[in-house]
Amino acid sequence: RCWSVFDTISSGVAIYKAIEEGEDFEFLDLNGYAERIEKIKKEDVIGKRLTDIFPGVEQFGLLEVLRRVWKTGKPETHPVTLYKDDRIQGLRENQVYKLSTGDIVAVYNNIPEE
């Protein structure tokens, strides 16, 4: 793959495949910056459900954004919001896009808490 941007961008990048008609999403890839933000290893999430790895994602509001972008193809921003589960918490801002392959990409940043 020639995704040098994927590997060098100073934002987290996660790529998902819609499963169950877009009810959930499965991790296809995660860049190194996302691994650091989320304190997780790529090999531990590839092929797993988003809702299993990040159980707070529905309450966080991002799952609904992913579903809409998957259905409409229109990019959306999920504004700065606190993500929290038993493992991790932090402020995140997401830009969500649908790729020509039909997969979904979220480019996001960890926002330092004041």
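Modeller: Ala14 lies in strand β1. This is a predicted model. Is Ala14 buried or exposed? Ala14 has a relative accessible area of 1%. The cut-off for buried is under 20%, so Ala14 counts as buried.

What is Ala14 in contact with, leaving aside its neighbours within four places in sequence? The list holds Phe27, Asp29 and Leu30, and also Ile104, Val105 and Ala106. Strand β2 covers 24–30. Strand β5 covers residues 104–111. Ile111 is another matter: Ala14 and Ile111 are 97 residues apart in sequence, and their C-alpha atoms are 17 Å apart in space.

Now the pairing. Strands β1 and β5 pair in the antiparallel sense, over 5 bridges. Tyr16 stands opposite Ile104 in β5. In general, strands of a sheet pair through backbone hydrogen bonds, either parallel or antiparallel.

Step back to the whole sheet. It is open and is formed by 5 strands, in the order β2-β1-β5-β4-β3. The pairing is antiparallel. Strands β2 and β3 (76–84) stand at the edges. Each has a single partner strand, so one side of each is left without a neighbour in the sheet. From one strand to the next, the twist averages 35°.

A helix covers this sheet. Helix α6, residues 62–72, lies across β1, β2, β3, β4 and β5. Helix α6 runs at about 5° to β4, which spans 89–98.

Follow β1 to its end. Strand β1 covers 12–19, and Glu20 is found in the loop between β1 and β2. What is the phi of Glu20? The value is near 50°, positive in a residue other than glycine. Most residues other than glycine have a negative phi. Glu20 has 48% relative accessibility. Exposed means over 50%, so Glu20 counts as partly exposed.

Where does Lys39 lie? Lys39 sits in the loop between α2 (32–38) and α3 (42–45). Lys39 is exposed, because its relative accessible area is 67%.

To put the residues side by side: Ala14 is buried, Glu20 is partly exposed, and Lys39 is exposed.

Methods:
Residues are numbered from 1 along each chain as its sequence is written. This is a predicted model: local features need pLDDT of at least 70, side-chain atom pairs count only at pLDDT 80 or more; totals for chains, interfaces and linings use all residues. Side-chain values use heavy atoms; hydrogens and water are left out. Helices (H or I, at least four residues) and strands (E, at least two) are DSSP runs, numbered from the N terminus. Buried means under 20% relative accessible area, exposed over 50%, partly exposed in between (1.4 Å probe, protein chains only). Two strands pair if DSSP finds at least two bridges between them. Axes are lines fitted to C-alpha atoms, for helices over the stretch in contact, and angles run from 0 to 180 degrees between N-to-C directions. Contact means heavy atoms within 4.5 Å.
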